[in-house]
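Dear colleague,

Please find below the structure that I am handing over to you. My notes on it follow directly after.

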Amino acid sequence: MIGRLNHVAIAVPDLAEAMDKYSATLGATVTDAADLPEHGVTVAFVDLPNTKVELIHPLGDESPIRAFLDKSPGGGIHHICYEVEDILAARDQLLEQGARVLGDGEPRMGSHGKPILFLHPKEFFGTLIELEQA
Ligand code: CO
């Protein structure tokens, strides 16, 4: 069912510092930061030859990653995103197998303009999984 690794998302307490570390220290190409109010994050992408890293920072009081940073103030890996061909078919198959989909279970538009879903980390060894329709 799952295909390519689309991205790994890292929650960071200081976005400018994280962007600088990836570009200056690690020598990667980093996009400009963009606010995504509908997701409650500001994001910058690290473009790698085979995948992306999303540097995410809370935007607004309701940000879904604020609690994560409260627990891990230094930052940390927040989720990983796998591509699927058909997100509704993937969701239905996963629900049948006991996975839990976060929210109301309906896909919403992700930061790349494609439908996404999140799976509860409990069934996946403590890792929050994002599925994105490729
Ligand atoms: Co993501």
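How many bridges join β1 to β6, and do these strands run parallel or antiparallel? Six bridges join them, and the two strands run antiparallel. Strands here are DSSP runs of E with at least two residues, numbered from the N terminus, and two strands pair if DSSP finds at least two bridges between them.

The model is predicted: local features need pLDDT of at least 70, side-chain atom pairs count only at pLDDT 80 or more, and totals for chains, interfaces and linings use all residues. Residues are numbered from 1 along each chain as its sequence is written, and side-chain values use heavy atoms, with hydrogens and water left out.

On its other pairing, β6 runs parallel to β9 (residues 129-133), to which five bridges join it; I80 has I129 as its bridge partner in β9. Across from H79 in β6 stands A9. Seven of the nine residues of β6 are buried (under 20% relative accessible area, 1.4 Å probe, protein chains only).

The cobalt ion is coordinated by H7 (NE2), H79 (NE2) and E130 (OE), at 2.0 to 2.1 Å. Donors are N, O and S atoms within 2.8 Å of the metal (3.2 Å for Na, K and Ca); water is not among the atoms, so the site may look incomplete. The donor spacing in sequence is H-x71-H-x50-E. H7 in β1 (residues 5-11) and H79 in β6 (residues 76-84) are 72 residues apart, a pair that links distant parts of the chain. H7 is buried, at a relative accessible area of 0%, and H79 is buried at 4%.

Kind regards

Note on methods
Helices (H or I, at least four residues) and strands (E, at least two) are DSSP runs, numbered from the N terminus. Buried means under 20% relative accessible area, exposed over 50%, partly exposed in between (1.4 Å probe, protein chains only).
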